[in-house]
Amino acid sequence: MRSRAFKTLTLSLMAGVMLASAAAAQEGVATGDTSSKKIAFSNSYAGNSFRQVMIKSFESMGAKAKADKMIGDTAVVSSNNSVTEQASQIQNLILQGYDAIIVLAGSDTALNGAIKDACDAGIVVVAFASGVTEPCAYVVDYNLDSYAKAELDYISSKLGDKPANILEIRGMAGDGFDKRLNEGVKKAFAAHPNYKKVGEVYGQWTATVAQKEVSGVLPSLPQVDGVLTQGGDGYGAAQAFKAAGRKLPIIIMGNRQDELALWKQEHDANGYETFSLGATPSVSQVAFWVAQQILAGKKVPKFVEVPLLQIQQSDLDAWLKTVPDGGVVNADYPQDLVAKIIDANVKKEPLPMVPAPK
Amino acid sequence: MADTLIARQNQGLGKRLAPTLQLGLPAIALVAMLAVIFWIRPAAMSYFGFTLLFKLAVPVMFASLAQMLVIMLGDIDLSVGSFVGFITCVTALYLDSSPMLAVAIYALSILVYAAVGLLIHIRQLPSIIVTLGMSFIWLGVAIILLPAPGGAAPSWLSGFMGWRPPLLPLPILLSIVAALIGHFVISRSSFGAVLRGAGGNPRAIERAGWSVTLIRAAIYAAAGALGVIAGLTLTGLTTSGDPNVAPAYTLLGVGAVILGGGAFTGGIVSPIGTVIGALTLALAGSLLSFLQVPPTWQIGAQGGILFLVLAGRILLAEKTS
């Protein structure tokens with residue numbers, strides 16, 4: 001009995017020392033031992049190319065981390081867009097003894113019960129790219145206000161504060177992403193009172209739809225100086241301007257291969273310059289490293305904003321080479337970059353950018 | 001029904017055991033799956049483990065019992081899933097702030113269920129079409145009430161679903177209670193024989209002086225009430241409402257009834273079998289994630305398990321005939 005009590009005491013002392021040393025590492029990469037920890041990824045849906053790339057990004061980064069002894073094991077479970085199934089999968093992951101679960105939630109609220117169970121069992125839960133409302137979960141997500149602000153800031157860096165006409169291409173009526181990005185656009189416009197929004201169309205993030213919709217409103221529009229987009233619609237918008245025989249305005253691109261290719265072609269032909277930004281499927285890697293860093297003892301705020309992948313003129317060629325035909329720009333988020341992102345969130349500094357490929 | 005019962009008593013022991021075996025198969029599958037899970041992860045064999053494994057089976061079980069009542073009449077209900085979703089929305093929106101309104105909506109929706117039963121019976125409409133239509137109506141109303149998932153379950157409801165009674169975990173306790181009540185009402189009582197008769201041989205029941213119309217309406221209403229319970233328990237688990245939370249319950253329910261020894265012909269159902277069937281189906285998904293089946297294979301493999309158990313049942317049934 002005594003020796004057992006002694007053992008527990010030493011063990012808890014050791015744990016205390018480990019915790020203390022881990023907590024000391026406030027900035028940079030936390031180096032607490034996570035070589036035996038297991039991280040699972042609960043995914044709500046695996047049936048489109050974006051999600052497939054997202055799962056692959058997680059798996060490849062997990063395999064690399066396992067080889068580097070950063071993590072014990074990883075697993076992926078996907079439910080077929082059924083929230084109840086995802087909830088029961090999370091319950092199973094709790095039982096299987098995972099130390100952290102990253103969640104791409106099929107519903108912002110319906111998983112709250114299961115997520116609470118996981119937190120109560122001492123499991124680190126990181127929800128990403130979805131607005132899970134359970135307060136015990138860490139949330140890793142983009143800030144769509146920054147998305148809209150980056151778009152308008154680029155336009156103003158080119159046009160200055162002169163009065164300008166802006167066309168906004170939105171996503172789909174009634175969609176949550178579209179609604180939040182549009183609110184960001186409204187806020188961003190407040191900072192540029194000289195800019196006037198002359199039109200608004202729904203492009204459904206699809207080149208063909210955007211082309212049709214923009215072509216439809218163009219005849220009624222004055223000169224357009226800038227086009228705000230949501231990704232996937234830039235190529236179609238450019239085609240519409242060309243077909244109408246108009247000069248290409250600054251169309252913000254959305255990291256699609258067709259958009260970047262058109263941008264390069266126009267740049268080579270007549271020096272056209274613009275800017276591209278968007279979400280990346282590899283945000284799953286950010287969630288993975290955030291979970292790993294929490295396990296390693298790093299202090300992480302409950303909301304971690306992820307930088308959007310931004311492409312400037314100078315990096316265009318390098319990025320374009322990495323994108324498959326018809327694909328979206330994707331990039332790996334290594335551990336040190338994620339640690340920097342977390343630190344920037346803590347200090348409320350500008351987020352580090354994803355470096356261009358060499 | 002009575003004829004077959006007497007006939008059965010005169011059969012040999014082997015033949016009399018066959019229905020028990022048929023019913024036993026999903027139970028055996030359930031135990032086998034549990035054994036595999038506990039073998040992979042012994043820590044799951046605990047009060048806490050049972051609670052987590054079967055928590056989300058509770059609403060599936062009530063939805064399956066609702067489906068069972070309808071199948072007992074020889075009909076099928078394709079609206080259970082969206083009805084449960086509708087109830088979660090009503091619960092998350094109103095039960096806390098204005099409980100009277102919530103209860104009134106529950107009562108009204110049970111009446112609608114009874115009315116659907118009457119409509120199907122009186123106009124001799126195919127239930128599959130009427131309930132398919134109803135499923136869109138429930139979904140539509142739910143989306144009008146709650147366009148984006150949200151709301152909050154009253155704390156007593158989520159508290160109840162998180163309650164840890166002594167001795168038995170809550171999901172197991174609820175399953176046993178539901179199975180026993182169902183067994184005594186449907187399979188044991190003389191009134192149960194009349195209810196089953198309304199599906200199996202409505203003419204005989206009519207001749208015996210019962211009103212099949214009334215019985216059918218009452219059974220549909222009871223199915224609606226079980227659907228309300230399923231929705232309430234689900235809201236307690238997820239703590240919020242979502243119109244699209246449970247479309248899978250419709251067919252999971254049918255699967256559970258058939259696994260548990262029911263038949264589409266009407267009149268032949270088993271509440272205990274249905275409860276075991278629902279637990280089996282709920283556990284099949286868990287088993288796959290414990291076995292670490294790759295995510296892309298999981299959806300298909302779940303169907304595979306269902307198919308295996310069902311095939312086993314049919315093989316047993318053929319031996320007896």
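## Aromatic pairs

In this predicted model, 14 aromatic pairs are counted over all chains; rings of Phe, Tyr and Trp (its six-membered ring) pair if their centres lie within 6.5 Å, and planes under 30 degrees apart count as stacked, over 60 as edge-to-face and the rest as tilted. Phe83(B) and Tyr113(B) form an edge-to-face pair, because their ring centres are 4.8 Å apart and their planes stand at 65°. This pair links distant parts of the chain, 30 residues apart: Phe83(B) belongs to helix α5 (residues 80-95) of chain B and Tyr113(B) to helix α6 (residues 99-122) of chain B. Helices (H or I, at least four residues) and strands (E, at least two) are DSSP runs, numbered from the N terminus.

Phe83(B) is buried at a relative accessible area of 0%, and Tyr113(B) is buried at 5%. Buried means under 20% relative accessible area, exposed over 50%, and partly exposed in between (1.4 Å probe, protein chains only). In chain A, ring pairs join Phe41(A), Phe58(A), Phe128(A), Phe288(A) and Trp289(A) into a cluster.

## Salt bridges

Over all chains, the structure holds 17 salt bridges, each defined as a side-chain nitrogen of Lys or Arg within 4 Å of a carboxyl oxygen of Asp or Glu. One of them connects the side chains of Asp117(A) and Lys55(B), with an N to O distance of 2.6 Å. Asp117(A) lies in helix α4 (residues 112-120) of chain A, and Lys55(B) in the loop between α3 (47-54) and α4 (57-72) of chain B, so this pair joins two chains. Asp117(A) is buried at 15% relative accessible area, and Lys55(B) is buried at 10%.

Within chain A, the side chains of Lys298(A) and Asp343(A) form a salt bridge at 2.8 Å, N to O. The pair ties together parts 45 residues apart in sequence, because Lys298(A) lies in the loop between α10 (283-295) and β11 (303-305) and Asp343(A) in helix α12 (residues 335-347) of chain A. Both Lys298(A) and Asp343(A) are buried. In the salt bridge between Glu213(A) and Lys212(A), the closest N and O atoms are 3.8 Å apart; Glu213(A) is partly exposed at 29%, whereas Lys212(A) is exposed at 58%. A network of salt bridges links Glu168(A), Arg170(A), Asp178(A), Lys197(A) and Glu200(A).

## The sheet of chain A

Six strands of chain A form an open sheet in the order β2-β1-β3-β4-β5-β11, with parallel pairing; two strands pair if DSSP finds at least two bridges between them. The edge strands are β2 (73-78) and β11, each of which pairs on one side only. From one strand to the next, the twist averages 20°, where axes are lines fitted to C-alpha atoms, for helices over the stretch in contact, and angles run from 0 to 180 degrees between N-to-C directions.

Strand β4 (residues 124-128) and strand β5 (residues 138-141) of chain A are joined in the parallel sense over three bridges. Val126(A) stands opposite Tyr138(A) in β5(A).

## Confidence and conventions

The average pLDDT of chain A is 88, and 92% of its residues score at least 70; pLDDT is the predictor's confidence in each residue, from 0 to 100. Over residues 15-25 of chain A the pLDDT is below 50, and this stretch has three contacts in the model beyond near neighbours in sequence (contact means heavy atoms within 4.5 Å). Where pLDDT is low, the predicted coordinates should not be read in detail.

Residues are numbered from 1 along each chain as its sequence is written, while chains are lettered from A and ligands numbered from 1 in the order in which they are written. Local features need pLDDT of at least 70 and side-chain atom pairs count only at pLDDT 80 or more, whereas totals for chains, interfaces and linings use all residues; side-chain values use heavy atoms, with hydrogens and water left out.
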